[in-house]
Amino acid sequence: MEKIDKIAVLYGGSSSEREISIQSGEGVYKSIIELGYIADLIEINDLEELSELRVYDFIFIALHGFEGEGGSLQKCLDDLNILYSGSGSKCCKNTWNKKLTKQILEQNNINTPLWSELSKLPSSDSPDAKFSAKHFDKFRPFDAVFLKPQEDGSSIDIFKVTNEESNSNAIKACSNPNRGFIYEEYIEGKEFTVTIVDDKCFPPIEIISKNEFYDYDAKYLSDKTILEEAKLTRNELIDINKTATDAFKALNCNGWARVDLIQGSDGKFYVIEINTVPGMTSHSCVPKSGSFLGLSYNEVVKKIIDASF
């Protein structure tokens, strides 16, 4: 491992996840100082001006959204020969895009909910917004599906639709309809997330929310969301960890990531998505999962740094 003395924590940005990134960055920065490193907290607004980061031994990426998770930042840091936390550019590009993620998961025989692709959203009153449209065919029969942007995080612009009226309302409510979306199979079951650091699984978390699904409010605002250590049988624990690890490896993740899954009525675990720059706020799953191992927030941060080499 290379000697690390001076660390920059990147946070902020202009994406819909800016406020979450600020919370993550401030938490990680405080931790890094307490761990004894020299550190600076740097707000990133322009990926074109990163050469000043050469003075640091290591970059901890706490920048959420497309700027921190879409692969462009990692490509710039690679070009500058600067070490950083987490996965490389190609991995981030693939995990940031739900379509690409699902294609890779399917190519590797890893369970993921069925899906269909939209290059952009139809108008709310067009034939393509009706349940008779062909992009709903693979889900039939169904009671509900999710509408999700191909690229975004923190459950931004994600809607559960149960009929044509709710689908029309979801389309109207989307903040940016002129981008790729997917419809995704709704699987009724328990939601879990598995943190992986240095190729090792932390104890899985079961996410229990009063909301209809684990949306932005449930993730970051609600005090009613429960994150508890998953109560799984030995075989279920082996299965969920294997599924999460297989997904981590198939997408070529490095250092750390969080794999979100749902367990269907068939008992199988289905990968929903993979987060290469997970949240590190007080509500976040990564430090919570670490606490089940007796790890403090600072110890989790140190493991992430160490896992990056």
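These notebook entries record what I looked up in one predicted model.

**Ground rules.** I number residues from 1 along each chain as its sequence is written, and side-chain values use heavy atoms, with hydrogens and water left out. Because the model is predicted, local features need pLDDT of at least 70 and side-chain atom pairs count only at pLDDT 80 or more, while totals for chains, interfaces and linings use all residues.

**Entry 1: helix α10.** I began with helix α10, residues 297-306. Helices (H or I, at least four residues) and strands (E, at least two) are DSSP runs, numbered from the N terminus. In α10, I found V300, V301, I304 and I305 to be buried. Buried means under 20% relative accessible area, exposed over 50%, and partly exposed in between (1.4 Å probe, protein chains only). Why do the buried residues line one face of the helix? Seen down the axis of α10, they fall within an arc of 140 degrees, so they line one face; the arc is that of the directions from the helix axis to the C-beta atoms. I then noted what covers these residues: among the elements are β1 (6-12), α1 (18-34), β12 (256-263) and α9 (285-291).

**Entry 2: the second largest pocket.** I looked up this pocket and found a volume of about 180 Å³. On a 1 Å grid over the protein atoms alone, a pocket is an open set of points with protein on both sides within 12 Å along at least five of seven lines, whereas a cavity is a set of points where a 1.4 Å probe fits but cannot get out; lining residues have an atom within 4 Å of a point. Grid points are joined across faces, edges and corners, and a volume is the space filled by probe spheres set on the points. The lining includes L114, F139, R140, P141 and E185. By class, I recorded 6 nonpolar, no polar and 5 charged residues. Ala, Val, Leu, Ile, Met, Phe, Trp, Tyr, Cys and Pro count as nonpolar, Asp, Glu, Lys and Arg as charged, and the others, Gly among them, as polar.

**Entry 3: two residues of that lining.** E185 is in strand β7, residues 181-185, and is partly exposed at a relative accessible area of 25%. Leaving out residues up to four places away in sequence, E185 touches P113, L114, F139 and F146; contact means heavy atoms within 4.5 Å. P141 is in the loop between β4 (115-118) and β5 (145-149). The peptide bond from R140 to P141 is cis, with omega near -10 degrees.

Entry 4: Most residues other than glycine have a negative phi, and most peptide bonds are trans. D199 lies in the loop between β8 and β9 and is exposed at 55% relative accessibility. N252 lies in the loop between α8 and β12 and is exposed at 59%.

**Entry 5: cysteines.** How many disulfides does a search of the whole structure find? The search finds 0; a disulfide is a pair of cysteine sulfur atoms within 2.5 Å. For C76, the nearest cysteine sulfur, that of C92, is 12 Å away. For C285, the nearest is that of C201, 14 Å away. I recorded C76 as partly exposed at 23% relative accessibility and C285 as buried at 4%.
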